[in-house]
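These are my notebook entries on one structure. I record what I looked up, topic by topic.

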Amino acid sequence: MSNDKINLLWADDEIELLKPHVLFLQQKGYDVSTVCSGDEALDLIKERAFDVVLLDENMPGLSGLETLSRLKTLRSDVPVIMITKSEEEYIMDDAIGSKIADYLIKPVNPNQILLSLKKTLDNRRLVGEKTNTSYRQAFQEISSMLYSDMNYQEWVELYKKIVYWELEIDKSSDKSMLEILRTQKLEANNGFSKFIERNYLKWLNGTADETPTMSHTLLKNKLIPELNKDECVFFLLIDNLRYDQWKVIQPILTELYKVESEELYYGILPTATQYARNAIFAGLLPTEIQKKFPEMWLNDEDEGLKNQFEEQFLQAQLKRLGKDVKMSYNKITNHNAGKKLAENINNLMQNNLNVIVYNFVDMLSHARTDMEVIRELADDEPAYRSITKSWLEHSPLLDIIQQLAHKKIKIVISTDHGTVHVKDPIKVVGDKNVNTNLRYKTGKSMDYNKKDVFEIKNPHDAFLPKQNVSSVYIFAKEYKFFAYPNNYNHFVNYYRDTFQHGGISLEEVIIPYITLTAK
C-alpha cells in the first residue's frame with residue numbers, strides 16, 4: 001500500500017462504541033473520519049474526497065442502503081464496505097446489486113476490517129504485481145517458442161498466449177510490463193510474416209504436409225458438416241473482428257451462451273473483405289470464383305460493389321456440397337437495419353441456416369481513419385477493444401443474440417479478417433491503376449523495397465486475379481503501411497496509428513471461429 005494516508009469515512013450511529021476500532025486503523029496509517037448518520041456522511045462526501053467508505057446498514061434517518069444509493073450518485077467511484085447486524089438475504093442482495101466492494105456482519109473485529117480494506121484498496125495493485133510476475137515467467141516461454149520451428153497450430157497457440165497477456169496487463173493497474181510485451185509482439189509478427197512467406201503458397205497449392213483451415217475451406221470444414229434439417233443455426237459474421245476483440249465481448253455473450261468451441265483459422269491474402277469474405281461464402285479462392293462466376297467477380301480496379309453476391313456464392317457452395325437446407329442471408333450495414341432484423345428475427349426460426357453479416361467493426365475501423373472523434377476514442381489497442389465492447393452492449397446484434405438464446409438457438413460467430421494498428425510507413429511508387437489499400441498493392445511497374453514486403457510475382461500462384469500479364473501483389477508485414485512519395489509527410493501523419501487490413505500480421509490473419517450453445 002502507498003505511504004500516503006488512505007482517507008476513510010466511517011458512518012455508524014454507534015460510532016462511539018467503535019473507538020478502539022478507529023484507533024486501530026489510525027495506528028495502521030489510515031486517516032479516519034467518523035459520522036453518526038447517513039445525512040452527515042453525504043454532507044462530508046460533498047466537501048471532501050474519500051478513498052473508501054465504511055457504512056452501517058441500520059442507522060436512524062437514512063438507512064445504509066438509502067445512503068449507499070445517494071452516495072453512488074455523488075461519487076460512483078468510491079468503494080463502499082457495508083457493515084450490518086442483519087443477515088437477511090434481501091439486504092445483502094440490495095447491497096451487492098448497488099455494487100458494494102465488500103460486506104461485513106457485526107460484530108466485526110479490527111483485523112476483519114483491515115483485511116477488507118486491504119482487499120478493496122490493494123486488489124488492483126496486488127493483481128497487477130501478480131500479473132507482471134507471471135508474465136515475466138511466460139516471457140521466456142514465448143521467446144523459446146519464437147526461436148523454434150513452429151507449425152501453423154503452434155503459431156495459433158502463441159498468438160493466444162500473447163493476447164491473453166495483453167488483456168491481463170490491460171486489466172492491471174501496473175502497466176510496467178506493457179512495453180516489453182509490445183516488443184515481444186513485434187518480434188512475433190516478424191517471425192509470423194516469415195512463416196507465411198515460407199508456407200502460404202504451399203498451403204494453397206497442396207504441397208504442404210499440413211494445411212490449416214482457411215477462408216475458402218472454413219464453411220466446408222466447420223459449419224456445413226454440422227447442418228441438419230432438425231436444427232436451426234445462426235452464422236454471425238462480424239466483419240473485421242480480431243481475436244482480442246472477441247475475448248473482450250466474450251463475457252457479455254457467456255451470460256447467455258456457453259462456448260462449445262473456440263477455434264482460430266487462417267484468413268487468405270489479401271486480408272480484405274473483397275477477397276476473404278467472397279472466399280468464405282463461395283468456398284473457392286479468388287481466381288476460382290472469377291472463373292466459375294465471371295459476371296460476379298470484380299477486380300480492385302473495377303467500379304462497383306465487390307461483395308454483392310455473397311448469398312449466391314453460399315447457395316452455390318451448399319449445392320456443390322450436397323446440402324439441401326433452407327437458408328436466409330442478411331447483411332447489416334447500419335443501426336436501423338439491425339433494429340429491423342431484431343424485430344423480425346422470429347421469422348427466421350424455421351430455417352436450417354441463417355447467415356447475418358454485420359459490418360459494424362469494419363465501419364469502426366474505417367471511421368477510425370476518417371473521423372476525428374473516433375480517432376480520439378480509439379487511439380490505441382485497449383481503446384479499440386473497449387469501443388467494440390461498448391458497441392455490442394448497445395447494438396441490435398445483442399438484442400438478436402438474446403432472442404436466440406431465449407429460443408435455445410445455436411450460433412456461430414466468426415469473421416473474414418482482422419486489422420492491425422499500423423505505425424511504420426514504407427514507400428511504394430505506382431501508376432494511377434494501383435489500388436488504394438494501405439496494406440496490400442496490386443498493379444504493374446510498382447517500385448518498392450523487396451525487403452519490406454511479401455511479394456507474389458505471379459498472382460495465379462496465390463489464386464489471385466491479375467489485370468495484365470505483368471501484375472504483381474505485394475503485402476505489408478508487421479505494423480507497416482504503404483505510402484506514396486507525393487505529399488508523403490501529410491499522408492504518413494494522417495494514417496499512422498490507424499487500424500488497417502489487407503496485409504500479413506497475427507492480428508489480420510489468425511481469426512476466430514466460435515461455436516456457442518444456449519445455456
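**Entry 1: two helices in contact.** I began with helix α6 (residues 152-171) and α16, which pack at an angle of about 90° with their axes 11 Å apart. For the axes I used lines fitted to C-alpha atoms, for helices over the stretch in contact, with angles from 0 to 180 degrees between N-to-C directions. I therefore noted α6 and α16 as roughly perpendicular to each other (65 to 115 degrees; under 35 is roughly parallel, over 145 roughly antiparallel and the rest oblique). The contact (heavy atoms within 4.5 Å) is made by E166, L167 and D170 of α6 and by E381, P382 and R385 of α16. By class, I listed two nonpolar, no polar and four charged residues in this contact of α6 with α16. In this classing Ala, Val, Leu, Ile, Met, Phe, Trp, Tyr, Cys and Pro are nonpolar, Asp, Glu, Lys and Arg are charged, and the others, Gly among them, are polar. Helices (H or I, at least four residues) and strands (E, at least two) are DSSP runs, numbered from the N terminus.

**Entry 2: the model.** I noted that this is a predicted model, in which local features need pLDDT of at least 70, side-chain atom pairs count only at pLDDT 80 or more, and totals for chains, interfaces and linings use all residues. Residues are numbered from 1 along each chain as its sequence is written, and side-chain values use heavy atoms, with hydrogens and water left out.

**Entry 3: the second largest pocket.** I then looked up the second largest pocket, which holds about 340 Å³ of space. A pocket is, on a 1 Å grid over the protein atoms alone, an open set of points with protein on both sides within 12 Å along at least five of seven lines; a cavity is a set of points where a 1.4 Å probe fits but cannot get out; lining residues have an atom within 4 Å of a point. Points are joined across faces, edges and corners, and a volume is the space filled by probe spheres set on the points. The pocket has 16 lining residues, of which R182, E381, H421, K423 and Y479 are the closest to its centre. Which helix gives the most to this lining? I found that it is α7, with seven residues. Both α7 (178-205) and α16 (381-393) supply at least two lining residues each. By class, this lining has five nonpolar, two polar and nine charged residues.

**Entry 4: the cavity.** I found one cavity of 30 Å³ or more. The largest cavity contains about 40 Å³ of space. Its lining includes Y275, N299, D300 and E301, and by class the lining has three nonpolar, four polar and three charged residues.

**Entry 5: backbone details.** I recorded a cis peptide bond from K106 to P107, with omega near -5°. P107 lies in the loop between β5 (102-105) and α5. Another cis peptide bond joins L269 and P270, with omega about -5°; P270 is in the loop between β7 (257-266) and α10 (273-282).
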